[in-house]
Each structure stands twice: as structure tokens, then as C-alpha cells.
Amino acid sequence: MMESTKNRVFIILVILFLGCCLFLYLARTVLVPFLIAAFITYLISPLVTKIQSFGYKRFVGVALVAVVLVSIFAGVLTILIPILINELENFQFNADKYYEYFLNYLDSISEKIELIFPVLKRYNVSNAVIFESKDFLLYMAQQIPNYLTSIFSIFSIIILIPMLVFFMLLSGNKCLKSLVALLPSNYVETILSILYQIDAISGRYIRGQIIEAFFVVSMSALALGLLGVNFALLIGIIAGIANLIPYLGPIVGLTLAVTVGAVQYQTFAIVIKIVIAYAIIKFLDDNFIQPLIVGHNVNLGPVSMVFAMLAGGHVFGFFGVVFAVPVAAIFKSVFVMLVKRSQT
Amino acid sequence: MLKKILRLLFIDYVLREDIAFLKKIPLFRKLSDRSLVKLALIIFKRNYLAGEKIYEINNEANVLYLVKSGQINLSRGNTNKVVEKEGFFGEMSLLENTKHTFLATASKDSELYLIYRAKFEDMIESNGKTGLIIIKNLASMFAAKLKCSEV
């Protein structure tokens, strides 16, 4: 292909890319299974490449990895699902009791606080807080089924996501290689640099997040189980998923565990124990897990991170919050790289 | 017969061809087949028509180019160099983040294999022995060039 033709193809590709971005924005509600599939693909594609490096076709690696992972996944689910169902049934059965306990707990706390600060009683502050908490709790409880159905439909989990992962793994970097073959010569090396930055940041971030989430799930479930707190596994899983959101994530798990523990035991001692347990998990995570995950730090300031998460959440919902950080890191890194290159 | 069918089904023959080609490149001399497979997996392939520019002087340089077929002309002022099939150019980009000092043009229809520096660095980071062999090959080639220029 002559250079002028390649230039024309490149311009068309850029326009198509911008069109795709706009289309993806408009179709954002159906993006979730694709994002999850990409997430999983990034996580396991190094295994497939490893098998491919023995000289086998890519599909051999994909088939082997699929068989092994499906077996492991099925084994883990066989053990965990009965425990989880039991916890959910228990939660459903005891939900009214927990609600009552929680309100009584709020009442007792407000009485104690009013004894210390009598002025609060005069303005009826504690009643207002309890009333708002009741409303908030009821609203959250009503919303849970909506969240679950909107995030994961059964169709997505059972059919669509595994199918997408399979095809994404199978195609590997074919798309990338075709793109490089079509680029005009002048842009090849710059675009390879940009693509590598994107690949490196997203790959490391996604693998890092998944390893951390597994760590938080297992450690939270173990710690809460040892402390005898109800729904240890359920809280652990929620804490692990919430951990995907920087800053906010760890607080979600802690708050949930403290609430359940306080309601269950009605003592302050359990709150202290849970806080200590989460502090130990955070310490282990910061000092032993995160240093293992090379490049997990995406080199974004706290203000940019929070802005990216809020903006991502506003446009794409929960998954916007999760993916905002690597996307912002990619934009920053590409921008910095292009500026540096234009200066030299 | 069954063995042949299984081989056809499971063995990646395109990858094997690429390895056979990489073995002929002096830069990758003495590398094990396993290292060559890893190298083959990070290659990008591009075709150029006769007369097409590959890069210009001062363009950013972070790719090593291997000539699979065809012929490439490297020029700067009055200096001209020709890189034939199974030759390579842009090797300085493997060592440092630099800019091209030659204009590279395809003098015949050519197929080039591109190895991007950062991917190459990742590969040799995971296998120090491979990196050492390549650097040794590169050093001996530079030494040979220096000897020629001294004579």
C-alpha cells in the first residue's frame, strides 16, 4: 500500500475510532459484560501466551486454560455457593430482627449522646437522625435487587461473559497486529509507544486489582469468621468488590463488618476487634501485597483520582468508578509522552 | 498419519517459519528455540512498496527492523547503505531512546518484521540469559565495525 493510501486509511481509522467512542458512550448500558470480559481476558492472557510460547497454536492455550480455570471455578463455587446461599437465607430470615436491633442500637446511642450533650435533645436531633437512617436503610434494601439485576444478569454471567472471554483470548493481539500493518510509516513507532503504554498500565492495574480483591475477600472472610461475625463470607465478598474503588472501597467493608458485628454482639469490644482486624488486613495489603504487584501504582494524584472516579461514576455508573482510574492514568501517561516528544 | 494430523492441528507453523527466519539473523545467533518463539510472538509485520519511506531522519526510534524480504536503502547526505533480505537496521533503538539518523526507504517491495523496544526489554527482563546473548552479539558486531573503520 502506498504512503498516501495509508495516510487516507489512517484518517478514516481515526474518524472510525472517534465514532466508535461516541457509539460506546451511547450504548454504555450494555458495555458491562464486555468490560468484565476484557478484565478477565487481561488477567489470563499471559497464561495463554505462555502455552503458545511452546510452539502450539493459540487455541490450544485457550482450550487448556479454559478447562483448568472452569474446573477450579466450578470447584470453588461448589464449596462457596452453599455457604453463601446459607448466609443469604439467614440474612433474609433475620433481616427484620437486624433492622429492629439496629434501630434499638441507634436509640441507645442517641440516649447516651443526649446525656452528654443535652442541647441535642432540645432540638430533637437524634430523632431526626434515626428517622433519616430508617429511610436510608429501607431505600438501600429496596435497591439491592435492582443493583444486582442491572449489574449481572444471569444471561451475562452464564453465557455472554465466558463466550466473550473465549473469543477475546483466541484473537489475542491479532487486531493490534492488523492495525500496525495498516498505519502510515511515520506514525508506526509513536503509535506503538502509545499502545504499549495502554497495554502496560491497564494490564498491570487489572491484574493488581484482582490479586488485591482476592486477598481482601479471603482475609476479611477469615478474620470475620474467626471473630464469629455473621455473614463473614458475604461481607468479605462485598469488601473485595468494593476494594476495586480506591479510597472508598476499604471503608465500605469495614463499615459493613462493624455494623453487623455491633448489631450481633451489642458490645463496643467487637467494634474494636473488627477495626483492628481491618487495620491488620490493610497493613498486610500495603506492605506485602501491593509491593508484589509491580506498577499497581498508576501515578495519579489523589485529587485527579477522586475526580476521575466521580466523573466515571456519573457517566458509566459503578463500572465507571472501577475503570476510571486506569483510563485516567492512560490519558495522563499518553499526554505526558506526547508533550515530551513534541518538546524534543 | 494421526501424528501428522495432530501436528497440523496443534503446531503453529507460521510461528515455526518466523523462528526459522529469526535464526538466520546474526543478532539472534546462539539463541535457544524457546527464546526465539518468545521473540516471534512480539513481532509486528508490515509490507512496504518499492519507493515507500519507512522512517525519516529525526523520527522517533524505538523499533528494530528485520528484513524478511526485499531490500532497504538507508541514506544520509552522500552516505548510502543497503540492507538486504535477512539483514536488520534500527538496532541502536534497542539500546537507547533515540532518533533515527538515516532516511530508510524500501528500494524493492519488502516485508519487514518490527520489534518494539519496550516489548523486547520486557522479554529479556524475564529471561536474562537471552538478553545477555543478544547484547553480546550486538557488541561483537559493533566491535567488527570499529575494526573495519580502523583499517
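Two strands pair if DSSP finds at least two bridges between them. Helices (H or I, at least four residues) and strands (E, at least two) are DSSP runs, numbered from the N terminus. This is a predicted model, in which local features need pLDDT of at least 70, side-chain atom pairs count only at pLDDT 80 or more, and totals for chains, interfaces and linings use all residues. Residues are numbered from 1 along each chain as its sequence is written, and chains are lettered from A and ligands numbered from 1 in the order in which they are written.

**Sheet in chain B**

- An open sheet of four strands in chain B has the order β2-β9-β5-β6, with antiparallel pairing.
- β2 (53–55) and β6 (79–83) of chain B each have a single partner strand, so one side of each edge strand lacks a neighbour in the sheet.
- From one strand to the next, the twist averages 25°.
- Two bridges join β2(B) to β9 (residues 103–106) of chain B in the antiparallel sense.
- Opposite B:Lys53 stands B:Thr105 in β9(B).

**Helix packing in chain A**

- α2 (residues 32–52) and α8 (residues 185–227) of chain A pack with their axes 9 Å apart, at an angle of about 95° (axes are lines fitted to C-alpha atoms, for helices over the stretch in contact, and angles run from 0 to 180 degrees between N-to-C directions).
- α2(A) and α8(A) are therefore roughly perpendicular (65 to 115 degrees).
- From α2(A), A:Phe39, A:Tyr42 and A:Leu43 meet residues of α8(A), including A:Ile206 and A:Ile210.

**Contact between chains A and B**

- Contacts (C-beta atoms, placed from the backbone, within 7 Å) link 21 residues of chain A with 25 residues of chain B.
- α8(A) gives the largest share of the side of chain A that touches chain B, seven residues.

How values were computed
Angles under 35 degrees count as roughly parallel, over 145 as roughly antiparallel, 65 to 115 as roughly perpendicular and the rest as oblique. Two residues are in contact if their C-beta atoms, placed from the backbone, lie within 7 Å.
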